Amino acid sequence: MFAEYVQELCVQQAGGEGRFVLSENDKEVNIEKFVEIVINPFSVDINDKRIISRLYKELCKKAFGENMYLYTQKIISALNQYFAELEQQETYFLTVDKEIDMTAIFKAMGVKVESYADNYIQNISQYMKLIAELLSKRVVIFVNLGSYMEVDQIEEVIKEAAYNELAVLFIESSQKSFPKGVTQYIIDNDICEI
C-alpha cells in the first residue's frame with residue numbers, strides 16, 4: 001500500500017489522475033502545479049530543467065525591464081558590431097538575426113544557480129527555496145526522509161520549509177521519530193489510521 005500511495009502521488013504530481021485531493025480554502029488546487037515530491041534526497045538538483053527554464057524567463061524579464069533595458073540594448077548592439085567585424089575577416093557574407101534571444105545567450109554562457117550547499121541537507125534547503133520562488137510550489141512531500149536524517153536535521157528542513165512558506169508532508173514506510181509538534185498519522189496493515 002505504501003508503494004501504491006507513493007506511486008499514485010507521483011502520477012498526480014506529473015499531471016495524471018488519482019484519488020488525492022489538495023485544497024486551499026475548501027477549493028481544489030492542482031497537485032501538479034503546487035506539489036513537489038522528493039523521493040531521493042541525494043538526487044535533488046538545484047539546476048534541474050524546470051528551475052533553469054523558469055530562471056531564464058525571470059532573467060529575460062529583468063534584462064528587458066526598466067532597470068536593465070539600456071544595458072541589454074548596449075550588449076545586443078555590441079554583439080551585432082562584433083559579428084560585423086567577424087564578417088570583415090571572412091571572404092563571405094554573414095547574416096545575423098537582429099532579434100537576439102537572451103535565453104540562448106544564458107545557455108551559451110552556462111548560466112546556472114550556484115550551490116552554497118556543503119551537504120545534502122543544505123542542498124535540500126536551497127532546492128526548497130528555489131522551487132518556492134521560481135516554480136511557485138507550496139507543498140513538498142518527502143518520501144522516507146526519516147531514514148536518512150536525525151530528528152534535529154528534519155527540524156532544520158521543517159524550519160527552512162516554513163521560512164519559504166512551504167507546507168511539508170513526510171511519508172515514511174515505517175514509524176520514525178520526528179520533532180515535537182509534528183502531527184503524525186500511522187496507517188496499519190489493514191489501512192486503518194491508528
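This is a predicted model: local features need pLDDT of at least 70, side-chain atom pairs count only at pLDDT 80 or more; totals for chains, interfaces and linings use all residues.

A salt bridge is taken here as a side-chain nitrogen of Lys or Arg within 4 Å of a carboxyl oxygen of Asp or Glu.

| Salt bridge | N to O distance |
|---|---|
| Glu8 and Arg19 | 2.6 Å |
| Asp48 and Arg50 | 2.9 Å |
| Glu58 and Lys61 | 3.8 Å |

The pair of Glu8 and Arg19 links distant parts of the chain, with Glu8 in helix 1 and Arg19, 11 residues apart from it, in the loop between helix 1 and strand 1. Glu8 is buried at a relative accessible area of 13%, whereas Arg19 is exposed at 53%.

Glu58 and Lys61 both belong to helix 3, where they are three residues apart and therefore separated by about one helical turn. Glu58 has 27% relative accessibility and so counts as partly exposed, while Lys61 is exposed, with a relative accessible area of 57%.

Asp48 and Arg50 are members of a network of salt bridges that also takes in Glu36 and Lys137.

Strand 3 pairs in the parallel sense with strand 4 (residues 139-143) over four bridges, and Val35 stands opposite Val139 in strand 4.

Turning to the rings, two aromatic residues pair if the centres of their rings lie within 6.5 Å, and by this rule the count comes to seven aromatic pairs. Tyr5 and Phe20 have ring centres 6.1 Å apart and planes at 75°, so the pair is edge-to-face. Because Tyr5 lies in helix 1 (residues 2-13) and Phe20 in the loop between helix 1 and strand 1 (22-24), the pair ties together parts that are 15 residues apart in sequence. Tyr5 counts as partly exposed at 24% relative accessibility, and Phe20 counts as partly exposed at 30%.

A second pair is formed by Tyr56 and Phe106, whose ring centres are 5.5 Å apart and whose planes stand at 45°, so this pair is tilted. Since Tyr56 lies in helix 3 (residues 49-63) and Phe106 in helix 5 (residues 102-108), the contact ties together parts that are 50 residues apart in sequence. Both Tyr56 and Phe106 are buried.

Two further arrangements involve aromatic rings. Phe42, Tyr120 and Tyr148 form one aromatic cluster, and the charged end of Arg138 sits over the ring of Phe34, at 4.0 Å from its centre.

On the surface, a nonpolar patch is formed by Tyr82, Phe83, Leu86, Tyr92 and Leu94, which together have about 470 Å² of accessible area. Leu86, one of the patch members, is placed in helix 4 (residues 69-88) and counts as partly exposed at 34% relative accessibility.

Technical notes:
Residues are numbered from 1 along each chain as its sequence is written. Side-chain values use heavy atoms; hydrogens and water are left out. Rings of Phe, Tyr and Trp (its six-membered ring) pair if their centres lie within 6.5 Å; planes under 30 degrees apart count as stacked, over 60 as edge-to-face and the rest as tilted. Helices (H or I, at least four residues) and strands (E, at least two) are DSSP runs, numbered from the N terminus. Buried means under 20% relative accessible area, exposed over 50%, partly exposed in between (1.4 Å probe, protein chains only). A charge sits over a ring if NZ of Lys or CZ of Arg is within 6 Å of the ring centre and within 35 degrees of the ring normal. Two strands pair if DSSP finds at least two bridges between them. Patches are made of residues with over 30% relative accessible area and no salt bridge: like charges are joined within 9 Å, nonpolar side chains (Val, Leu, Ile, Met, Phe, Trp, Tyr) within 5 Å. Accessible areas come from the Shrake-Rupley method with a 1.4 Å probe; for residues, only the protein chains shown count as cover.
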